[in-house]
Each structure stands twice: as structure tokens, then as C-alpha cells.
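Below is a short note for someone opening this structure for the first time. The points are numbered so that each can be checked against the model.

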Amino acid sequence: MTATLEQAALEKPAGRGFAHFVRPVLGLLLPVVLAAGWEIAVSVGWSNGRLVPPPSVIFKTFSELAQSGELQTHALATLWRVAAGFVFGVAAGTIVGAIAGYSALTQRLVDPTLQALRSIPSIAWVPLFILWFGIFETSKIVLIAVGVFFPVYLGVMGAVMSVDRKIVEVGRVFRLSGPAMVRRILLPAVMPAYVISLRAGLGLGWMFVVAAEFLGASTGLGFLLIDGQQLGKPAQIVAAIVAFAILGKTTDFIIATISAPFLRWEDRFAR
């Protein structure tokens, strides 16, 4: 019996290691199958591939944009705007959400107004921000920060409000100091919802940057989309969309990887 348990304990890490490499491959399976299917459909003549170019044409466009340096220039400009807006949006959303979640009076004062503002489409803010901040980088970063703010605010406020009061009482029974209470009880309780809100805010940041770059931008992937539309280059449009997807997934993976050590206690990490 003991030998069987020891063998199972030795085999379990190996299985986890294998799953660690298989999971990313499974995530790529669907897009690879769809791309291969569309490539075959165009090659056999089921579609001319003019409006929706096949992957081979998109890859060629990627290569041409990369060789000319346009892809790097536009991608870095967009990445910088999203990063700056994300930092400001997360800071504001975390502070306001924590205060609103902790103070019922603050929540009653600010939450109705913020919920009304949250329903305003991103494109509706563009003319106003251009009037306030001009057509340069400030208006774009503020617009992205607005998009990031709301999911972070909601996530933090909801997480703080949902902290089990019994756990807090246990901390008081053990006479934990204020910093110890925050570090050992409040932060672990809030962290899972906070990470989800960060990822949701980042996703909205990538969507809001498109609206920001549609008007008054001479660089960025959004500008690349508009340029492809005006010049009738569907391959360039799809290449820009794919670049958005790659950058968005990469930044989301970075947040998930950085936050993983703080969430090891959750049951989902044992699977």
C-alpha cells in the first residue's frame, strides 16, 4: 500500500508537467484548425479570398509590414497607450472601489453616478476628450483609462463587500495588527476577484484604444485598420486585427502569470 502511494506521488508531478505543456497547445488548436480550413477553402476555389484573405496572404502582409518597420512602430505606439491608460485606470479604480466597498455612505454617493457613466459608449467620449485634452496622446490615454476604470472599480468594490466578516473577527480574536490583517486576511480574500477585474479592465483597454486611434492618430494599430480600409487592403485590416489579438493575449498572459503566485491557495491551481 505504501509503495503504491509513493509511486502515485512520483507520477503526479510528471502528469502535471505534461499537462503544463499540453494546455497551451490545446488553446492554439481551434484557431489553427479554423485557419487551415479557410486556407483549404480558398485554395480549392470555394471562396476567392478577396474580402477575407487566407492565412498565407495575411502572413505575407505581416512579413511585409515587419520588414518595412511599420508593424513594430504601430504596435509599440498602441502598446504604450494601453499600458499608460491601464496604469491610471487601475490606480483610480482600485482606490475608488476600495473606498466604496468599505464605506456604505461612499457607495451610496458615488456608485449611482459611476454606473450611469459606465453605460456611455466609448466612442461617445472621443469628441469631448478631444475638446478637453486635444488630439494628441493625453486624450487617448484618458479614454483608455476610463475603459479600464469601471471593471476594476466594480471588481474591487464587490470583493471588499463580499469579504466574510467571520474571517475578520477571527483576525481580531488573534489580535492581528492593521497591516497584518490586510496582509493575511483581506488581501487573500480580495485577490482572486481583483485579478479577474484587472484582466477584464485590460480587455476593455484594448477595445477602447481602437476608438481612441480611430480619430486623430497617425500611428497605432487602429490607424493601420483605418489605413487599410481607406486603401482597400483587407489583408492589412485582418493583419492589424490579428496583431491586436496577439498583443491582447500576451498582456493578459503576463497578468495571469504575475498573479499566479498570489493565488496558489485556490483549488483551481491543484487541478
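1. A salt bridge here is a side-chain nitrogen of Lys or Arg within 4 Å of a carboxyl oxygen of Asp or Glu. By that criterion the structure holds 3 salt bridges. The model is a predicted one, and the distances below are computed from it.

2. Some overall figures come before the pairs. The protein has 10 helices and 0 strands, so its pattern along the sequence is written α-α-α-α-α-α-α-α-α-α, with helices defined as DSSP runs. Of its 271 residues, 35% count as buried. Among contacts between residues at least 6 apart in sequence, 70% join residues at least 24 apart. The protein exposes about 16800 Å², and carbon and sulfur atoms supply 71% of that area.

3. Which residue does the side chain of R81 meet in a salt bridge at 2.8 Å, N to O? The partner is E137. Because R81 lies in helix 3 (residues 70-102) and E137 in helix 6 (residues 137-161), the pair ties together parts that are 56 residues apart in sequence. R81 is buried, with a relative accessible area of 2%, whereas E137 is partly exposed at 31%.

4. R81 also forms a salt bridge with E213, and the closest N and O atoms of this pair are 2.7 Å apart. Here the link runs between distant parts of the chain: E213 belongs to helix 8 (residues 178-214) and R81 to helix 3, 132 residues apart. Is E213 buried or exposed? Its relative accessibility is 1%, so E213 counts as buried.

5. The remaining pair to describe is R199 with D252, whose side chains meet in a salt bridge of 2.8 Å, N to O. R199 counts as partly exposed at 35% relative accessibility. D252 is buried, with a relative accessible area of 14%. As for shared partners, salt bridges join R81, E137 and E213 into one network.

6. Helix 5 deserves a separate look. This helix has 12 residues and reaches 16 Å from its first C-alpha to its last, close to the 16 Å expected at 1.5 Å a residue. Which residues of helix 5 are buried? They are S122, W125, V126 and F129.

7. Together with L128, L131 and F133, W132 forms a nonpolar patch on the surface, and the four have about 440 Å² of accessible area together.

8. One backbone detail follows directly. Just after helix 5, G134 takes a positive phi of about 85°.

9. One is R81, which is buried and has salt bridges to E137 and to E213.

Methods. Residues are numbered from 1 along each chain as its sequence is written. This is a predicted model: local features need pLDDT of at least 70, side-chain atom pairs count only at pLDDT 80 or more; totals for chains, interfaces and linings use all residues. Side-chain values use heavy atoms; hydrogens and water are left out. Patches are made of residues with over 30% relative accessible area and no salt bridge: like charges are joined within 9 Å, nonpolar side chains (Val, Leu, Ile, Met, Phe, Trp, Tyr) within 5 Å. Accessible areas come from the Shrake-Rupley method with a 1.4 Å probe; for residues, only the protein chains shown count as cover. Helices (H or I, at least four residues) and strands (E, at least two) are DSSP runs, numbered from the N terminus. The expected span of a helix is 1.5 Å times one less than its number of residues. Buried means under 20% relative accessible area, exposed over 50%, partly exposed in between (1.4 Å probe, protein chains only). Contact means heavy atoms within 4.5 Å.
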